[in-house]
Amino acid sequence: MAGGAFDGLRAHAARLSGTPLRKLIETDPARACDFALRVGPLYANFARQRYDRAALDELFALAEAADLPGAMRKLLDGAPVNATEGRAALHTALRSDLSRQAAARDAYVEASEVRVRMRRMIEALEASEITDIVSVGIGGSDLGPRLVVDALSGAARRRFRVHFLSNVDGSAAQRALAGLDPKRTAAILISKTFGTQETLLNGRIVRDWLGDDARVYAVSANVQRAGDFGIAPERILPMWDWVGGRYSLWSAVGFPIALAIGMDAFENLLAGAAEMDGHAQAAPLQQNLPARHALTAVWNRNALGAATQAVLPYDERLKLLPNYLQQLVMESLGKSARLDGAALREQTVPVWWGGAGTDTQHSFFQALHQGTQVVPADFIGVVHGDDPYAENRKALLANLLAQTEALANGSTSDDPHRAYAGNRPSTLILLDALTPQSLGMLIAMYEHSVYLQAVLWGINAFDQFGVELGKQVASRLLPALNGDSEADDPVTRELLARLR
Ligand SMILES: O=P(O)(O)OC[C@H]1O[C@](O)(CO)[C@@H](O)[C@@H]1O
């Protein structure tokens, strides 16, 4: 959006600045229902956001001006939306056949064929003695599978136990392998580039520990490098340049997911995401959940000036969602240059952070209630659990409702230490149940919201050049740690002397 495009939002925020949330709801009680959207098993209520209907109209006008529906179409059709790298971002083609363009439809067919191969590989592993899988990868090659496996594996013993290894810290490898039997373990090395230091070092540790190459699999867009590592071609599943790492769990990067929950359940996860793709593409702006979520994010960042955003799943099974979203959101939207290279005049991504309730109520919620910064929050709840402890779920849901209400309404007291200002905005997202389908929908909702926020800010959601500099400096410093070279920077030199 051109500079000044958000001035109208700020004017609404200024108009509303003397009207607390409690008042907004009191004077327009119908918003409790009108500001909610449902897509299949997913329900989202935006009534506790600090906008009114007039401000919301301004947000929709902004969405029209930015042509969010057209942007969605471009994404699905495989237009080069990753402009700085001159390529498409076709993660939707991993699960949906919604494109009108031949290249995107070919991508869909190719992805389906890889899933057929994946199914056969899983059947072969199921017929073997293997009981444990170690998934080695980092960032987008780890966080998505780790989240979904943790969320959906359930309490029952499954055919495979799946373990994740990401950190280059050797103690992570030591812990991941502790208690495993190399004869009953297989490893999957997941790396889009097959050039990531952490994954290659950990991959070598695991391969050596296994004792031979026979049970090492790979998922990569660089099949050549995976082969050079010593992995047999029939054990390499491809991915492609047109899938960003943090958008890749739907591809063969989801191999550990399919091993943990079964291939049919993995297909259901994809079907849920496809349902959200269809909704994001077809629903009018006013009823479009990812668009509303994106507009709310822009409102909180650019009209209210919120510098951080919390994500608070009230479900133990979703405890890794904040970690996953940190990469999805902050790697995608942590940009200071517009698509055309000009400097941004508006703030982009806030810091995303969070953790699972109710634990977090007893750690950082004090700051949410009475801290000087207003922190908008996404609360996420699941109506029906799959555990046998119904009373606990009621308590969980009561806490979820209580927190959103208390944050919004606050409470007065003559004692300033006991007063709650309230006026803390939140969105409440409810899943009927946590299933592969509903989780697929939730994740795809966030993916599309992130993309639409990028469109509103005029930035590229699909590159991540910001992570490169640190990697380059680290590879220069590795020989310096051994004493084979010296650092130019005086502070680094001093620190190196201590580390050596
Ligand atoms: O899959 P790869 O190529 O090993 O990369 C892992 C991760 O590293 C990053 O490039 C960030 O360092 C992420 O974008 C990516 O998901």
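Before the site itself, a word on how to read the values: the model is predicted, so local features need pLDDT of at least 70, side-chain atom pairs count only at pLDDT 80 or more, and totals for chains, interfaces and linings use all residues. Residues are numbered from 1 along each chain as its sequence is written, and side-chain values use heavy atoms, with hydrogens and water left out.

Let me begin with the ligand. Around the ligand there are 13 residues, of which Ser141, Ser191, Thr193, Thr196 and Glu331 come nearest; a residue counts as near if one of its heavy atoms lies within 4 Å of the molecule. Sorted by class, this shell holds two nonpolar, eight polar and three charged residues, where Ala, Val, Leu, Ile, Met, Phe, Trp, Tyr, Cys and Pro count as nonpolar, Asp, Glu, Lys and Arg as charged, and the others, Gly among them, as polar.

Lysine 192 takes part through its backbone, with an N or O atom 2.8 Å from a ligand oxygen. For polar contacts the cut-off is a pair of N or O atoms within 3.5 Å.

Turning to the residues elsewhere, I would start with asparagine 45, which is found in strand β2, residues 42–45; strands here are DSSP runs of E, at least two residues, and helices are runs of H or I, at least four residues, numbered from the N terminus. Asparagine 45 counts as buried because its relative accessibility is 14%, given that buried means under 20%, exposed over 50%, and partly exposed in between, with a 1.4 Å probe and protein chains only. Its side chain reaches the backbone oxygen of alanine 32 at 2.9 Å.

Arginine 120, by contrast, is placed in helix α6, residues 102–126, and counts as exposed because its relative accessibility is 53%. Although arginine 120 and methionine 263 are 143 residues apart in sequence, their C-alpha atoms are 9.8 Å apart in space.

Finally, glutamate 486 lies in the loop between α18 (468–481) and α19 (490–499), and is partly exposed, with a relative accessible area of 45%. Glutamate 486 and leucine 325 are separated by 161 residues in sequence and by 38 Å from C-alpha to C-alpha.

Methods
A polar contact is a pair of N or O atoms within 3.5 Å; within protein, one must be able to donate a hydrogen and the other to accept it, and residues adjacent in sequence count only if both atoms are side-chain atoms.
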